[in-house]
Amino acid sequence: MAIIHPARITKVLSESIAAEIGFEPGDAIVSINGTKPRDLIDYQFLCADEVLELEVLDAAGKTHYIEIEKDYDDDLGLEFETALFDGLIQCNNRCPFCFIDQQPPGKRSSLYLKDDDYRLSFLYSSYLTLTNLPEREWQRIENMRLSPLYVSVHTTEPELRIRLLKNPRAGQILQQIQWFQERRLQIHAQVVVCPGINDGIHLEQTLRDLASFHTDEVPAVASVAVVPVGLTKFRPQEDELIPVSTEKAREVINQVRSLQQEFRQKYGQNCIWLADEWFLIAREELPEEFEYADYPQIDNGVGSIRLFLRQFSETADRLLPPKVEPRKFTWVVGNAVEQAFEPIIKRLNSVEGLEVKMQALSSDYWGQNITVTGLLTGHDLLLKLKGLDLGNGILLPNVMLKHGELVFLDDISVEDVSQALSTKVFPVSGVEELILTCIQ
């Protein structure tokens with residue numbers, strides 16, 4: 001059994017129950033009503049009671065016992081150092097396309113942790129393979145109705161999935177999806193297509209199998225994202241993987257679109273979506289916005305460009321003035337979106353006094369000719385922006401940075417880039433912050 005550590009508090013929300021009581025960052029919750037929470041899921045479940053008896057360890061190591069009376073759905077207003085108080089369930093697969101294994105050596109150890117944790121899947125929509133779950137965790141998923149989970153399927157053929165994940169337990173995927181179906185629980189599936197391995201007839205079989213679970217009032221497979229494999233120059237040479245070419249991207253688009261049409265007729269709706277990257281690699285027009293339904297796979301890059309364009313247009317109508325004091329910015333994005341984002345640049349530059357230049361970069365760091373914005377690193381910015389007129393500063397999409405930190409994926413900080421390029425860097429999250437940074 002994993003050791004359950006006290007849940008260390010990093011933030012107390014103002015005007016919350018916890019603030020009123022006097023909780024401070026550095027305090028830690030040991031137990032709630034006599035139970036030690038394993039994770040954020042336990043914490044939220046235990047806090048649903050109207051009377052809470054808390055055992056709390058303060059920053060100085062002193063134990064306090066606190067009783068709280070509240071409405072059952074009132075949140076205490078606490079944020080924690082981690083969502084997992086008993087440690088991470090790590091991955092024991094050896095998928096050749098795993099991004100963790102495609103990083104350069106010598107970085108901090110946390111970058112090499114492979115998670116395969118159903119709790120992070122439930123809380124944050126991260127993908128897991130279901131190969132690492134002991135029986136008691138399956139039981140907990142059922143008892144607590146932890147649904148939907150996000151599952152990396154890749155293929156439904158047992159032998160091929162064992163070969164891809166390099167794990168003898170990987171062949172049970174169809175029985176596992178059936179387990180979800182029998183309990184009226186759901187998954188969102190992802191298929192990373194590796195040319196020459198799980199494409200062609202194998203991809204068709206996988207999508208047919210997954211679509212067959214998109215039935216009933218609560219479909220076991222709520223959605224499927226088909227994603228191209230991403231390769232970096234650091235990957236092992238013996239991994240048998242090849243990059244997705246323009247021709248392969250077009251082939252997959254045609255294949256999946258044909259199946260989408262068939263499934264619409266058969267099941268009355270679509271459940272399979274292609275990631276935006278396919279269309280960027282194929283140099284083809286993105287699907288129209290209505291084709292993405294309610295964006296069930298937005299975090300997997302399915303429809304994110306269309307959604308961003310719509311949000312920009314609506315926010316620009318509301319916020320963009322006809323004129324501003326003269327100013328000039330450089331907006332850094334991955335070269336994959338260069339063409340798609342041209343309308344945004346045109347609209348921003350229609351404001352008198354505002355000049356925004358888009359720098360669409362590939363990644364020298366990862367060794368990719370076509371790069372999504374989130375993979376650009378500090379190294380890439382230093383290499384490709386040096387000596388350019390960057391105006392009043394760089395508009396930097398937050399997706400390039402590690403979650404909650406002003407640090408790129410290569411451990412270079414925003415401050416390092418700012419100093420080396422002698423310019424301000426403005427990290428921006430979403431369209432509203434992008435526009436406001438330009439006009440204020």
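Strands S13 (residues 394-397) and S14 run parallel and are joined by four bridges. The model is predicted.

- S13 and S14 belong to an open sheet of four strands.
- The strand order is S12-S11-S13-S14, and the pairing is parallel.
- Strand S12 (352-361) and strand S14 (425-428) form the edges, each pairing on one side only.
- From one strand to the next, the twist averages 30 degrees.
- Strands of a sheet pair through backbone hydrogen bonds, either parallel or antiparallel.

**The helix on the sheet**

- Helix H12 (residues 378-385) packs on this sheet.
- H12 touches strand S11 (323-334), S12 and S13.
- The direction of H12 makes about 115 degrees with that of S12.

**The helix pair H7 and H8**

- Helix H7 spans residues 200-211, and helix H8 spans residues 246-267.
- Their axes come within 11 Å and cross at roughly 25 degrees.
- H7 is therefore roughly parallel to H8, as angles under 35 degrees count as such.
- The crossing of H7 and H8 is right-handed.
- On the H7 side, the contact is made by Gly 200, Leu 203, Glu 204, Leu 207, Arg 208 and Ala 211.
- On the H8 side, these meet Val 252, Gln 255, Val 256, Leu 259, Glu 262, Phe 263 and Tyr 267.
- By type, the residues of the H7 contact with H8 are eight nonpolar, two polar and three charged.

How values were computed:
Residues numbered from 1 in each chain as written. Predicted model: local features only at pLDDT ≥ 70, side-chain atom pairs only at ≥ 80, totals over all residues. Heavy atoms only, no water. Axes fitted to C-alpha atoms, helices over the stretch in contact; angles between N-to-C directions. Helix = DSSP H or I, 4+ residues; strand = E, 2+ residues; numbered from the N terminus. Parallel < 35°, antiparallel > 145°, perpendicular 65-115°, else oblique. Left-handed = near helix turned anticlockwise from the far one by under 90°. Contact = heavy atoms within 4.5 Å. Nonpolar A, V, L, I, M, F, W, Y, C, P; charged D, E, K, R; others polar. Pairing = 2+ DSSP bridges.
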